[in-house]
Every structure is written in structure tokens, then in C-alpha cells.
Amino acid sequence: MSAEAAQTLPRRRIGVDADHEHYKWWALSCTSLGMLLATVNSGTLVIALPDLERALGVGLLTLVWVILAFMIASTVLVLTFGRLSDLFGRKRAFVWGFALFTAASLGAGFSSGGTELILWRVVQGIGGAMLFANASALVTDAFPREQLGVAMGTNVMVAGVGLVLGPVLGGALVEISWHWVFWFNVPIGLAGTAWAWLVLREIVRPEADRRFDWWGTLAFVAGLTGLTLGISRGGIVGWGDTLTIGSLVVAVVLLPAFVAIERRVPSPMLDLSLFADRGFSAATGAAFLSGLSRFALTFVFVLYFQGAQGDDPIVAGVKLAPLAVGMLIASPLAGIYADRHGARSLAALGLVVSAVGMAAMTTLQTGTSYALTALWLLITGLGSGMFNSPNTSAMMGAVPPHRRGIAGGTRMMLQNTGSVLSIAFVLAIITAAVPTTTLLSIFSGVSSGLSDAALAPFIHNLHVALWALAASSLLAAAVSLLRPATSGTETRA
């Protein structure tokens, strides 16, 4: 074949064009892989915390900050990257998010101490912010509104698979070495980076106005960093600590300043007009309270299984599975239902179901049968699956296409803020009035020598924390019901 003839043949490439009827499924495969990476990483790390404490010789504060560093970084930057993706393209941001998360996972596995590991977790959080800000926007761009519930339900279902695999996989990996808890992310991340680069297309034309709200961004990042740092540190170190007070003062000054800036600049980072839609504002408020009520649950049960019951990491990981299985079952079904009947009632009902499961967990003792524990975890997971996909599809379907990046960033920012506060407050409750030696044994996963009497203060505080989480879930249900029964958000969900 001549060179001229060869040049006339169409070049083969992976995927389809953006206007192809099947492109939506190619895009969903990319975002689902991102969800899998994030949830597997979360599950493997939480289950490995006792091993990290022993291997690196770090204290409780450092151990908690291994979790919070990622959450805070992704929380304070997700809105910024949502805005940047609206300006410069979502595919580019999503691909770079995969690549940065992968590189940071490799570096985290080589960490020789707690501080170095925390720094790598911050870099992971930056990559995570790029993924979080764009995943829901990419799906919403690709799918028609009447199929958004199915698409979001699929993403949540994949997250459920990751939540099932994460703790079990983490238990197996720490038997080899704690380093592999991070290194296992590398092949998934490399695959995700390549796949997103090859199959994603830019559907929505970036905004012509390229002005960026630098002052608003700086005020937001500094203010939200101060809030999350102050709350999380206050729950662990103490509310009278100088750094805790200083961080909260920064938040009190800069977060209102951020809102004032956004009302005045011509191209704001956060489009406050989005909240004029009552459906959108109620959905974002429910997402915040849902993160507050659910994120700490896995952390709590790692302490319960490995600490109070003395299980090894693999057994503890398997015991956590019903929570994720419930999400796996309910999410796609909830998405289908929401596409046909709307999200309002189903999302609120899911939060009530989760609250019932959490309240039932307050009956657990050190010797409680696992069958009961598994039942309450399953019920809570079912409720979470009933809420997540309808709420997300309703929220994203309510905004115009060119604002979906910032809308997705807003959703993740509020949900992650709730998650950070969840860890901080629950930890403050659990550690109150528990002897230091008992706490160290529980957090190290070596409490087999402790009696039921010695564990009694921990179990009592565990119950108090679960009641607080259940109350937050009920409050989230009430907020979710504030959206109109028939609105733009509801009918397009």
C-alpha cells in the first residue's frame, strides 16, 4: 500500500466520538474507575491504621492526620479545580488527577516516617480533588437527564465494590507490608490515567471568560483550611490549644470574606446563584450532613473490630463488608427509581434507614454476635445507597452545563467538609475519659489482654458517637425534604 493511500485511511482509536450514542458508557467507565481507586484506597488505609502505628512508631495525632491530610487537601481544592475545569476543560483535569494520585501513592509507599507520609497524602488529596470535581460533571455532560440516576447509581455501585474490596484487600496487604497499601493504587491509577486520556472527549466548550477569581480562591482555601485544621486538631489536642484557636479565628474571618468577595467579582469561583434553586441548596445541605453522619462509621468499626474485639486486619476487613454490600445493592436500584419517580422522597427515606441502622448499633457490646453487627451494617449501607445516587443526580441535573464543574466541586467540598468534621468530632467523643493506656492498646489493635471492664468506657463512648451520627442522618433527611416536591431539580432527576 502506498504512503498516500495509507494516509487516506481513518486512524483507529479507542472509544467513540462525543456525539456517538454509546459515548456516555465510555465516559462512565472512566469515572467509575476513579471511584474505584478512591474507595479502595480509603478502605485499605483505614484497615491498616493499627499496622501503620506499629511500623512507623507514630502517635495517635499523626495516625489520624494520615487520614485527614487527604481529606483536607481534597476538600479545600475541589472547588478551585471545579472552576478551573469549567475554564480549561474537564478531561484535562481528570487525567491529571489520576496521574498525580498515582505518583503520590508510589511516594507514600516509600515514606520512612509519619510527617513524610502526611505530605504524600496531601499530594494525593490534590489529585483526588481533580478527580472529585470532575467525575459527576463528566457523567452529567455525557448522559441525558432521564438517565442520570442510572449513571450516578452505577458510580455509587462501583464505589460499593471498592468499599467491599478495600478493607479485605487492606487486611491482606498489611500481612505482606504496609507499603503495599499505597503501592496497590499504582497499577489502577496508571490504567485510569491512560484510559481517561484515550476515551474521554471535551463535550462542553470551556467558558470564553478566562478571568480567574484569585482573591476569592485564596480566601476560600485559607479559610476552609483553618476551619478543618481547627476542628480536627481541637478534637484531638484540645480546644484551648493556640494553633487550634488561631486556625478557627482565620476561618471566622476569611470564610465570610470569601462570601463577600463572591458577591462582587464578575467571574466568581463559586456561583452563589446556584443556591437560588431550593432543590440544589437542599441537596447540597443534605450531602454535607450525610458526610458528617456516615464517614466516621468505617473508622469507628475498625476500632471496634481490631481494638475491642481483637480481630486481625483480614477478619476486620471481611466483617466490614456488609456496609458496602448494602450500598452495592441499593445504589443502582435507587438510581432507576429516581429517574422515574424523582429523588426527594427516596433520598430522605435512605437517610432515615441509615439512622435506624446506626441507632441499632448502640446495642453492640464486646461480646455481641457478629450476625447482629452485620445486620445493622447492612441496613446502614442500604440507606446510604438509597440516598447517594438520587441526591447526586438531582443536584447535577439542576445546573446549566457550563456550571457543572463548579457544581460538582461544590457537592464534593460540602460532603468532604462533613467527612472531616465527622472524624474530628467522633474521635473527640470516643477518646473522652478513656485511660491513655487503653486508648493506645485499642488504636494499636493489640487489646486482646484488656478486660470487658477496661473496655467499658470505650464502648460507652462508642455508643454516644453512634447516637450523634444517627441524629446527623435524621437532620440530613429533614434538610433533604426541604426541596420542592415538584421542581426543576426533581423533574430532571
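**Exercise 1. Are F70 and F101 buried or exposed, and how do their rings pair?**

Step 1: F70 and F101 are both buried (under 20% relative accessible area, with a 1.4 Å probe and protein chains only; exposed is over 50%, partly exposed in between). This is a predicted model, where local features need pLDDT of at least 70, side-chain atom pairs count only at pLDDT 80 or more, and totals for chains, interfaces and linings use all residues. Residues are numbered from 1 along each chain as its sequence is written, and side-chain values use heavy atoms, leaving out hydrogens and water.

Step 2: The whole structure holds 14 aromatic pairs (Phe, Tyr or Trp rings, the six-membered one for Trp, with centres within 6.5 Å; planes under 30 degrees apart are stacked, over 60 edge-to-face, the rest tilted). The ring centres of F70 and F101 are 6.1 Å apart and the planes stand at 90°, so this pair is edge-to-face.

Step 3: Because F70 belongs to helix α4 (residues 60-88) and F101 to helix α5 (residues 90-109), the pair ties together parts 31 residues apart in sequence. Helices here are DSSP runs (H or I, at least four residues), numbered from the N terminus.

**Exercise 2. Find S290 and say which residues it is in contact with, leaving aside neighbours within four places in sequence.**

Step 1: Look in helix α12 (residues 278-308), where S290 is found.

Step 2: S290 has a relative accessible area of 1%, so it is buried.

Step 3: Beyond those sequence neighbours, S290 is in contact (heavy atoms within 4.5 Å) with L351, F387 and A476.

**Exercise 3. Which residues do ring pairs link into a cluster?**

Solution: The cluster consists of F301, Y304, F305 and Y370, linked by ring pairs.

Key
Helices (H or I, at least four residues) and strands (E, at least two) are DSSP runs, numbered from the N terminus.
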